[in-house]
Amino acid sequence: MRLFDTHAHIHDKDFGEDRDAIVERARAVGLVGILTLGVTAENSERALALSHRHADVWAAAGVHPHDAAEATDAELDALEEMAGDPRVVAVGEIGLDYYRNLSPRDRQLEVIRRQLLTAQRVGKPIAVHAREAHEDILPLLSTWSAEMGGRLPDGRPLGVMHYFSENAAMAVKYVALGFIISVHTSVTHPKAAQLAEVVRETPLEYLVLETDSPYGAPQRYRGKRNEPAYVAEAAARVAELKGIAVETVGDITTSNALRLFGIESAVPAAPREAR
Ligand SMILES: [Zn+2]
């Protein structure tokens, strides 16, 4: 089975000396790739450095809404330069968070707008964090999608809605704007009824999987540190919800991720007998 963890923070301090072992464990369960996302300029540098050490780890560069208040123009310029690196395959983690409100809302809006311009300039997809902020992020992304013609210049989707936490009707809206929906390992939790509904209603062609490691471990490992290998738990639950083989879920969501991040050619296709 092929798998791809489209959202992790394995360059963070929560992963220390065992970081290489974590990448090994991910490979052992079939992961062909991991996207590790920066949250500030300095943090994105570390994500980028890790992506240069492992052929199957890619980086995203961006300022998280929690860190928007602290971000300087110089940092945002540095991130734009970083976003041009071939190992950086997305602009993120960017977005709006009105749940924790760690940065003032107007500053969060300024910083995401600035980073939408970065994505536009480098022609790479965005990785979006949206928490209790859909009343602002939906119109913002609608406008951007209209400006972009609903696709990146090379025809790829505009980005991914990470840790999707809205209902199935909202998922339809984001898909229509040109976004992919990311299903987090918390889909395995018994109370994840809304996310389960999103999975049932959204065609597999628009779904990818993620762990958001080290956060939000799946049910089987609840309370522990999450890690990319556990994305297999999300794949198993999606297969169960859709009534299809887990190999099919792995194959299609992995293809979606490789296409989204523009890295298909870097990863060999699954052998037929593996299906
Ligand atoms: Zn994240």
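**Group meeting: zinc site, helix pairs and backbone exceptions**

T118 is buried, because its relative accessible area is 5% (buried is under 20%, exposed over 50%, partly exposed in between, with a 1.4 Å probe and protein chains only). This is a predicted model, in which local features need pLDDT of at least 70 and side-chain atom pairs count only at pLDDT 80 or more, while totals for chains, interfaces and linings use all residues. Residues are numbered from 1 along each chain as its sequence is written, and side-chain values use heavy atoms, with hydrogens and water left out.

Back to T118. It is found in helix α4; helices here are DSSP runs of H or I with at least four residues, strands are runs of E with at least two, and both are numbered from the N terminus. Leaving aside neighbours within four places in sequence, T118 is in contact with E80, A83 and V91, where contact means heavy atoms within 4.5 Å.

Helix α3 (residues 73-82) and helix α4 (residues 105-122) have axes 10 Å apart and pack at an angle of about 25°. The axes are lines fitted to C-alpha atoms, for helices over the stretch in contact, and angles run from 0 to 180 degrees between N-to-C directions. The two helices are therefore roughly parallel (under 35 degrees; over 145 is roughly antiparallel, 65 to 115 roughly perpendicular, and the rest oblique). From α3, L76, D77, L79 and E80 make the contact, and the α4 side includes R107, V111 and T118. α3 passes α4 in a right-handed crossing, meaning that the near helix is turned clockwise from the far one; left-handed is anticlockwise by less than a right angle.

The second pair is α7 (residues 193-201) with α8, whose axes come within 9 Å and cross at roughly 65°. These two are therefore roughly perpendicular, and α7 passes α8 in a right-handed crossing. A196, V199 and R200 in α7 meet V238, L241 and K242 in α8.

Next, the metal. Which residues coordinate the zinc ion? They are H7 (NE2), H9 (NE2), E93 (OE) and D212 (OD), at 2.1 to 2.7 Å. Donors are N, O and S atoms within 2.8 Å of the metal (3.2 Å for Na, K and Ca), and water is not among the atoms, so sites may look incomplete. The donor atoms subtend angles of 84 to 177°, which makes the arrangement irregular. For four donors, tetrahedral needs all angles between 85 and 135 degrees; four count as square planar and six as octahedral if opposite donors are over 155 degrees apart and all others between 65 and 115, and anything else is irregular.

In sequence the spacing of the donor residues is H-x1-H-x83-E-x118-D. H7 lies in strand β1 (residues 3-8) and D212 in the loop between β8 (207-210) and α8 (231-242), so the pair ties together parts 205 residues apart in sequence. H7 counts as buried at 1% relative accessibility, and D212 counts as buried at 7%.

Last, the backbone. Most residues other than glycine have a negative phi, and most peptide bonds are trans. D212 has a positive phi of about 55° although it is not a glycine. N101, also not a glycine, has a positive phi of about 50°; it lies in the loop between β4 and α4. A cis peptide bond with omega about 15° joins G92 and E93, and E93 lies in strand β4 (residues 88-97). The bond from S213 to P214 is cis too, with omega near 10°.
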